[in-house]
Amino acid sequence: MATSVRAVEEILNYKFQKTELLEEALTHPSCTDSPSYQRLKFLGVAALGSAISAYIYLAYPKLVDGQLSLLLAANIKTEKLARVAVRHFLYKYVRHNTTGLDEKVKEFVISVGQEKQAEFLGGAIKAPKVLAHIVESVAAAVFVDCGFDLKTFWVIFRGLLEPIITLDLLSQQPQHVTMLYEICRKDGNGQFIVSASSENKENIELHAAKTALKKLAYESTDKLDIEIEPKTEIEGAKQKLNEICGRKKWSLPTYRIEKQVGPAHDKRFICSVQIAVAEAVLFMKGEEKLRVKYAENSAASAMIWSLQDSKLN
């Protein structure tokens with residue numbers, strides 16, 4: 001256990017004042033000769049929830065309460081925390097007396113290692129809860145050892161979670177799964193498209209969604225430029241596009257100035273808009289306009305028309 005404590009301290013880059021806290025955090029309930037991580041796990045859930053809530057609240061001021069809740073839930077779910085335990089090899093340092101536990105963990109670790117890219121929503125094998133419990137209990141041990149100081153706790157523990165605390169496609173996918181699963185079951189004409197199977201029933205929608213995306217030719221991490229015929233610009237297109245994204249549980253559109261033309265006293269702008277949709281980023285450019293806000297509205301109009309013409313509508 002002393003060796004395990006030193007190893008985890010090195011992973012955390014933190015020296016415990018009370019190493020018995022970490023020893024407890026690394027002890028499975030099957031070990032009846034010493035305190036297990038059960039109580040710490042309870043506190044760890046609260047500590048992580050509070051710290052991540054504060055982080056996303058400050059980092060993403062434009063998100064509404066529903067979006068914040070979705071993002072929080074996505075980043076504290078068992079699957080993600082289990083992968084943190086795998087990524088940092090925390091599972092190697094747990095003391096237990098449970099037959100078959102090592103085999104279950106090993107099976108999951110191998111499955112994760114065989115993935116072509118990180119499956120933050122879940123792979124083919126369901127994550128053992130013990131892996132998430134390790135992360136939660138270690139988090140609690142840090143939280144208690146630093147005097148229940150949430151700010152200090154976050155500075156210490158954030159490094160382990162950094163790859164998953166983000167508003168990129170991986171974090172937003174939980175909002176897309178339901179919509180994509182609908183595509184899997186039927187298209188606009190009510191026709192069956194595709195099905196998928198998984199050993200993990202909690203992840204069946206994700207795998208079905210990915211299969212559907214492949215069939216619909218939308219599986220890409222590159223920008224998808226959708227060519228459409230010019231159409232009348234839509235008044236208030238930015239707000240309308242926000243509403244569309246809200247209904248579909250997509251991330252909000254982001255705008256960027258692609259080009260500036262003309263002299264300083266008569267500048268014109270071309271803006272683009274992009275929206276993260278599952279494993280693709282929809283991308284459209286607007287027409288040249290006198291002001292940035294008009295150029296953004298032009299891009300939003302083009303995106304709305306493109307969505308109308310696409311299978312994602």
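Contact here means heavy atoms within 4.5 Å. Helices (H or I, at least four residues) are DSSP runs, numbered from the N terminus.

## What you're looking at

This is a predicted model, where local features need pLDDT of at least 70, side-chain atom pairs count only at pLDDT 80 or more, and totals for chains, interfaces and linings use all residues. Residues are numbered from 1 along each chain as its sequence is written, and side-chain values use heavy atoms, with hydrogens and water left out.

## H3 against H4

Start with the meeting of H3 and H4: Gly49, Ile52, Ser53, Ile56 and Tyr57 in H3 touch Leu68, Leu71, Leu72, Asn75 and Ile76 in H4. Sorted by class, that contact has seven nonpolar, three polar and no charged residues (Ala, Val, Leu, Ile, Met, Phe, Trp, Tyr, Cys and Pro count as nonpolar, Asp, Glu, Lys and Arg as charged, and the others, Gly among them, as polar).

The axes of H3 and H4 (residues 65–76) come within 10 Å and cross at roughly 135°. Axes are lines fitted to C-alpha atoms, for helices over the stretch in contact, with angles running from 0 to 180 degrees between N-to-C directions. H3 and H4 are therefore oblique to each other; angles under 35 degrees count as roughly parallel, over 145 as roughly antiparallel, 65 to 115 as roughly perpendicular and the rest as oblique.

## H3 against H8

H3 (residues 38–59) also meets H8 (residues 150–161), with axes that come within 10 Å and cross at roughly 90°. That makes H3 and H8 roughly perpendicular to each other. On the H3 side you'll find Ala47, Leu48, Ser50, Ala51, Ile52 and Tyr55, and on the H8 side Leu150, Phe153, Trp154, Phe157, Arg158 and Leu161. The class tally for H3 with H8 is 10 nonpolar, one polar and one charged residues.

## The aromatic cluster

Phe143, Phe148, Phe153 and Phe157 form one aromatic cluster. Rings of Phe, Tyr and Trp (its six-membered ring) pair if their centres lie within 6.5 Å; planes under 30 degrees apart count as stacked, over 60 as edge-to-face and the rest as tilted. Searching the whole structure turns up six aromatic pairs. One of them, Phe143 with Phe153, is edge-to-face, at 5.6 Å centre to centre and 70° between the planes. Phe143 lies in H7 (residues 129–145) and Phe153 in H8, so this pair ties together parts 10 residues apart in sequence.

Both Phe143 and Phe153 are buried (under 20% relative accessible area, with a 1.4 Å probe and protein chains only; exposed is over 50%, partly exposed in between). Phe153 also pairs with Phe157, this time stacked: 5.5 Å centre to centre, 15° between the planes. Phe157 is buried too, with a relative accessible area of 0%.

Key
Helix = DSSP H or I, 4+ residues; strand = E, 2+ residues; numbered from the N terminus.
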